[in-house]
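Student: I have a model open and would like to go through the terms used for it. Could we take them one by one?
Tutor: Gladly; here it is.
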Amino acid sequence: QVQLVESGGGLVQTGGSLRLSCAASERTFNYALGWFRQALGKERVFVAVISRSGSKTDYAESVKGRFTISRDNEKKTVFLQMNSLKPEDTAIYYCAVSRFLARDPNVYAYWGQGTQVSVSS
């Protein structure tokens, strides 16, 4: 079983930046790694995903051009660089692993506990 621990969340003003990290308990080079977010009272939604090798990425339209996902397989870590943050980006952010490059949260087998990101206006 893969354990995931997110970090890097916090409170930032509109237009600011944060870099989220997600550390895995074991090698994740056989998995795609994704980020999802869940705002208060809303469903968990897809944010970004990166392929096993890091050569392919996919982003939700709402974050495209502002967020960048990357991974370091040697360090068993996936990152989410978030720039030009908006109040609507406020949510708990989760990382997850999947055997597939997918947007559907149901295909992700393991999840972290989440890290809070709050963007003030």
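Tutor: Let us start with pairing: two strands pair if DSSP finds at least two bridges between them. Strands themselves are DSSP runs of E with at least two residues, numbered from the N terminus. This is a predicted model, where local features need pLDDT of at least 70, side-chain atom pairs count only at pLDDT 80 or more, and totals for chains, interfaces and linings use all residues. Residues are numbered from 1 along each chain as its sequence is written, and side-chain values use heavy atoms, with hydrogens and water left out.

Student: What makes β7 and β8 a pair?
Tutor: At least two bridges are required, and 6 bridges join β7 to β8, so they pair. The two strands run antiparallel.

Student: Which strands form the open sheet, and in what order?
Tutor: The order is β1-β3-β8-β7, with antiparallel pairing. Because β1 (4-7) and β7 each have a single partner strand, they stand at the edges, and one side of each has no neighbour in the sheet.

Student: Why is Leu-18 called buried?
Tutor: Buried means under 20% relative accessible area, exposed means over 50%, and partly exposed lies in between (1.4 Å probe, protein chains only). Leu-18 has 15% relative accessibility, so it counts as buried. This residue lies in strand β3.

Student: What does Leu-18 touch beyond its neighbours within four places in sequence?
Tutor: Contact means heavy atoms within 4.5 Å. The contacts of Leu-18, those neighbours aside, include Gly-8, Val-12, Leu-80, Met-82 and Val-117. Met-82, with its neighbours within four places likewise left aside, is in contact with residues including Leu-18, Leu-20, Phe-67 and Tyr-93.

Student: Which residues touch the most other members of the largest nonpolar core?
Tutor: A nonpolar core is a set of buried Ala, Val, Leu, Ile, Met, Phe, Trp, Tyr and Cys residues joined through side-chain atoms within 4.5 Å. Of the 35 residues in the largest one, Trp-35, Leu-80, Met-82 and Tyr-93 touch the most other members. Elements giving two or more residues to this core include β3 (18-24), β7 (67-72) and β8 (77-82).

Student: How do you know that Lys-76 and Ser-84 are partly exposed?
Tutor: Lys-76 has a relative accessible area of 26%, so it is partly exposed. Ser-84, at 40%, therefore counts as partly exposed too. Lys-76 sits in the loop between β7 and β8, while Ser-84 is in the loop between β8 and β9. Neither is a glycine, yet phi is positive: about 55° for Lys-76 and near 50° for Ser-84.

Notes: Helices (H or I, at least four residues) and strands (E, at least two) are DSSP runs, numbered from the N terminus.
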